[in-house]
Amino acid sequence: MNDTIVAIATAHGVGSICIVRLSGENALSLALKLTNIQTLKPRFATLAKIYSDDEFIDEGILLYFKAPASFTGEDVVEFQIHGGFAVANLIISRLIKLGARLAQPGEFSKRAFLNGKMDLSKAESIQNLINARSESAAKIIARAMRGDLGKFADEIRKELVKTLAFVETSIDYADDDLPENLMSEIKHMLMLNHEKLSKIVAISDSRKGLIEGFKVAIVGKPNVGKSSILNSLLNYERAIISDEAGTTRDRIEESLSIGTHLIRIIDTAGIRKNAGKIEQIGITHSLKAIEEADIILAVFDASNEVDEQDFEIINLLKDSQKKIFYILNKCDLKLKFDTSNLTDPLEISAKNSAEKIIKELEVYLDAQDVNEVLLNSTRQIQCCKNASEAIKRALNLLNESELELFAYEINSAIASISSITKPFERGEILDEMFSSFCLGK
């Protein structure tokens, strides 16, 4: 990491301001070569004329962050210049000629991690915050950036390291005095950590939609008004509407903001028997959409009596663990549908308004937000699952007094939880062993 890297730090496109970031041991000297000034005062904005091959190209603000008090932990200079590609590319080209190189994707954050300026959870959170799709997602990710997630992972890691130190001490230093009730203390500690990990996995798994955006699938038999509901929710004619059954043969997906949340709404083909070959493909996509969705809008036609196809939809969803809103559409017509088969149906006329659906969705989505620490990526969820499963296996082995195998599983748990923040180093075990037990006396 001795080389100096440079890249545009703002989004591509035309804008009033563009930032070019330079990081490395030669960042200051290279930046000064593009200006007529002699030095830059750390953490002060300096207005300067910028040159390329002695030709004036722009006037901008330079910010110098002296190592280690910078984002990457290295000397960093940021050029705040006028927006657009031309000026930024001229500056970058000139800096490359002077000895810098173009940064690889994520390399500034990688250097920040390697220089101890952030752990893996914070680095991952920065990227997730950039891609946040709702206010709730931004708040959850901000808690991780603040260090709440890192603190959670580090506390469990510390207790697991302590547990492993206990056991390895009992294996390697069996003649030394060990704390009384050691095994019961270890079991209690492991059970607590297993519960903590299981809880955060369950909560994070059920609320992934807060970060990724909830998927809402509109399902029902043909001609119940699914596409009309989609159009009403979007406030424009996105889907073709027809009295002919099977008009929608493929899934249609659109994004929609509801309150502070962004959802991905999916209109599916009507589910029915005896469909044609092409329509049957659409029905297969509908069933897949039900599996993928976080929320299901099950739509029924109020103007027709319940039939076999309606019961098929109801039976298909009755054992689902997903949130289901039962929608009784076409309520502007004479009611013939037996509502006793539906749970708290929302009665609407999609051609007039879908406001009831929007309000109910907003209430439900707001209730999903929590102030607890959440895992904000699938990778983090899997890491905690792996750690939890390893602890469970370790508990079983401890009951059988298989200490060597127990130590192996605890090592696996430590490695999994550590991958959220920072790699596990074997020296941590030795530190814990000697500090806790005063071995080698």
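Analyst: Buried means under 20% relative accessible area, exposed means over 50%, and partly exposed lies in between, with a 1.4 Å probe and protein chains only. The model is predicted, so local features need pLDDT of at least 70 and side-chain atom pairs count only at pLDDT 80 or more, while totals for chains, interfaces and linings use all residues. Residues are numbered from 1 along each chain as its sequence is written, and side-chain values use heavy atoms, with hydrogens and water left out.

User: Is cysteine 383 buried or exposed?

Analyst: Cysteine 383 is buried, at a relative accessible area of 10%. Cysteine 384 is buried as well, at 0%.

User: How many disulfides?

Analyst: The count is 0, where a disulfide is a pair of cysteine sulfur atoms within 2.5 Å.

User: Switching to rings. How many aromatic pairs?

Analyst: There are 4. Rings of Phe, Tyr and Trp (its six-membered ring) pair if their centres lie within 6.5 Å; planes under 30 degrees apart are stacked, over 60 edge-to-face, and the rest tilted. One of the pairs is phenylalanine 300 with phenylalanine 337, which is tilted because the planes are at 45 degrees, with centres 5.6 Å apart. Phenylalanine 300 is in strand β10 (residues 295-301) and phenylalanine 337 in the loop between β11 (323-329) and β12 (346-347), so the pair ties together parts 37 residues apart in sequence. Helices (H or I, at least four residues) and strands (E, at least two) are DSSP runs, numbered from the N terminus.

User: And which rings form a cluster?

Analyst: Ring pairs link Phe300, Tyr326 and Phe337.

User: Now strands. What does β5 pair with over 7 bridges?

Analyst: Strand β2 (residues 17-23), in the antiparallel sense; pairing needs at least two DSSP bridges between two strands. Serine 23 has valine 76 as its bridge partner in β5. Strand β4 (residues 55-65) also runs antiparallel to β5, joined by 5 bridges. Of the 7 residues in β5 (76-82), 5 are buried.

User: Last one: which residues lie nearest the centre of the largest pocket?

Analyst: Arg21, Gly106, Ser109, Gln127 and Ile130, out of 16 lining residues. A pocket is an open set of points on a 1 Å grid over the protein atoms alone, where a 1.4 Å probe fits, with protein on both sides within 12 Å along at least five of seven lines; lining residues have an atom within 4 Å of a point. Helix α4 (120-130) is among the contributors of at least two residues, and gives the most, with 4.
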